[in-house]
Amino acid sequence: MNFSDKVVYQIYIKSFKDSNGDGIGDLRGITERLDYLKILTVDYLWLTPFFSSPLNDNGYDVRDYLSIDPIFGTMQDLEELVAKADEQGIGLILDMVFNHTSTEHKWFLRALTGDPEYMDYYIFKDGIPDMPPTNWVSKFGGPAWEYIPHLNKWYLHLFDVTQADLNWENPKVREELKKIIRFWKQKGIKGFRFDVVNLISKPQVFENDFKGDGRRFYTDGTRVHEYLKELVRDTQMEDMLTVGEMSSTSVENCIRYSNPDEKELSMCFSFHHLKVDYKDGEKWDLMTPDIGQLKALLTEWQLGMQENGGWNALFWCNHDQPRAVSRFGDDKKYRPESAKMLAVCEHMLRGTPYIFQGEELGMTNANFTDISYYRDVESRNYYQILLAKGKTQAEALMVLGARSRDNARTPMQWSDEVYAGFSEAAPWILPPDNYKDINVKAALNDDDSIFWFYRKLIRLRKEKKTVSEGRISFLYQEQKDVFAFLRTAQEEELLVLCNFSDQELKWAAGHDMSNYNYLLGNYEDSSISADKIVLRPYEAVILERV
Ligand code: TEU
Ligand code: CA
């Protein structure tokens, strides 16, 4: 199946819409707002996990994959959402967290009793206290192993200590996971997103990493392609939309994950382009984004995947990333312009675009001024780590302000009413003050809003095969802040220019510009001449060859 003309909208349930006044978003909240999503004309909704969970990582710590956490609703609510979405022609994508389970999952609880059958569902290693089997570091900070005194063993957790890694080497584990897929398929689910799925194949021998944090031993591991093929084949997922979240991956592996001939997944998320503001690759060291590197990485991935039949999931934002307009744009002086420019860039690249809730409004980072406002386990851990490293509270807060995952998790801004119209009660996490201006109600009433601009981009994808299926090639890139590319299919050609700076720039094309018409852009008119284009701050234009 080809998903090139589709657009996916990601919903972080806890923050989307609260229907019952407890301050937490839920399934009924989504059903209530399907009309809004219909106006945007998205094809699929990716719902972040709503399964039974202690919610230490907001649902990425699953206690029971086959039941719904009461905080999010009931099975009936889900069935109703599936049915109503279906009436609108919208399919649901569920988030499968198969690298690990919550330590409250019944499998882990049985393992803790010393039952060898269930201990083999996880990765337990013999050991003594204070001597973890390897020096690997958890993605959320601290050691990746936890000691269980009464078993004299350590278990592996690449994420939080309450998220124990599953042992995919064990065929019984793989069978259990297939059952989960089959269960949700028969509920009418149309696709799946697989959480950190390129980390599922662990090495045979566990050794210390003296060069890094351990990831090179388990990222795109030796059996990962085999596992994915088996999972897809045995659950007949071939025609569904399947997207893998690939942590620290490579183009070569993503080609294999997403090339239809391999019968693994439909597409991949990769993250290299979202590390261009990490100083020396370190997320918690701030740096202004290196746009030259951003362009180089996107170019490498776009061409690499195209030449070898791979398919990208395109995105700037998700529930783990700060807001793109605050990060790569200017969320004050040029907020609408830069939000639209980022939209053009993403939606015109080759791949399937993903919109994260609120991105279509140009929602910004949270601007929290105190650690007590933060909820995310990773942010809270790293706050302590930053203090321990000698940063002042103010410095640590500044880092979190730019990097925390909570920047994406503030409530969806529906209106200028109290709590942004998200809930009648105090929400579990507060919205930034700017909800009074930045909200759905205001966006729908403004013809020139970011929202309506997104809708135009989606329409363009539906109307023009060049956008959905065209080849991509890149133009003159020497001008650091301008990203320029062509999309071509048969006789049609589109030229896309994006200015990533707050400066007016002359783009010296070296490309004959005489035969192009203005198609869409984020400024009302465009100054195109035969050999020169003047791009205003954060201007983006799509030109069509005549
Ligand atoms: O995220 C995987 C992941 O590694 C990150 O995006 C992570 O948040 C970041 O690298 C930390 O610096 C997935 C989910 O999207 C995330 O919400 C979960 O917390 C994580 O897996 C564990 O399930
Ligand atoms: Ca609720």
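View 1. Arginine 193 has a side-chain N or O atom 3.1 Å from an oxygen atom of ligand 1, a polar contact being a pair of N or O atoms within 3.5 Å. For histidine 100, the distance from a side-chain N or O atom to an oxygen atom of ligand 1 is 2.9 Å. Lysine 283 places a polar side-chain atom 3.1 Å from an oxygen atom of ligand 1. On its own ligand 1 has 490 Å² of accessible area, of which the protein covers 90% (Shrake-Rupley method, 1.4 Å probe). This is a predicted model, in which local features need pLDDT of at least 70 and side-chain atom pairs count only at pLDDT 80 or more, while totals for chains, interfaces and linings use all residues. Residues are numbered from 1 along each chain as its sequence is written, and side-chain values use heavy atoms, without hydrogens and water.

**View 2. The shell around ligand 1.** There are 16 residues around ligand 1, and Asp57, Asp195, Asp320, Glu378 and Arg405 come nearest (a residue is near if one of its heavy atoms lies within 4 Å). The shell comprises nine charged, three polar and four nonpolar residues, with Asp, Glu, Lys and Arg counted as charged.

**View 3. Aromatic pairs.** The count is 43 aromatic pairs (ring centres within 6.5 Å; planes under 30 degrees apart are stacked, over 60 edge-to-face, the rest tilted). Tyrosine 9 and phenylalanine 16 are edge-to-face because their ring centres are 6.4 Å apart and their planes at 70°. Both tyrosine 9 and phenylalanine 16 are buried (under 20% relative accessible area, 1.4 Å probe, protein chains only). Phenylalanine 108 and tyrosine 155 also pair edge-to-face, at 5.0 Å centre to centre and 70° between the planes.

How values were computed
Chains are lettered from A and ligands numbered from 1 in the order in which they are written. A polar contact is a pair of N or O atoms within 3.5 Å; within protein, one must be able to donate a hydrogen and the other to accept it, and residues adjacent in sequence count only if both atoms are side-chain atoms. Rings of Phe, Tyr and Trp (its six-membered ring) pair if their centres lie within 6.5 Å; planes under 30 degrees apart count as stacked, over 60 as edge-to-face and the rest as tilted. Buried means under 20% relative accessible area, exposed over 50%, partly exposed in between (1.4 Å probe, protein chains only).
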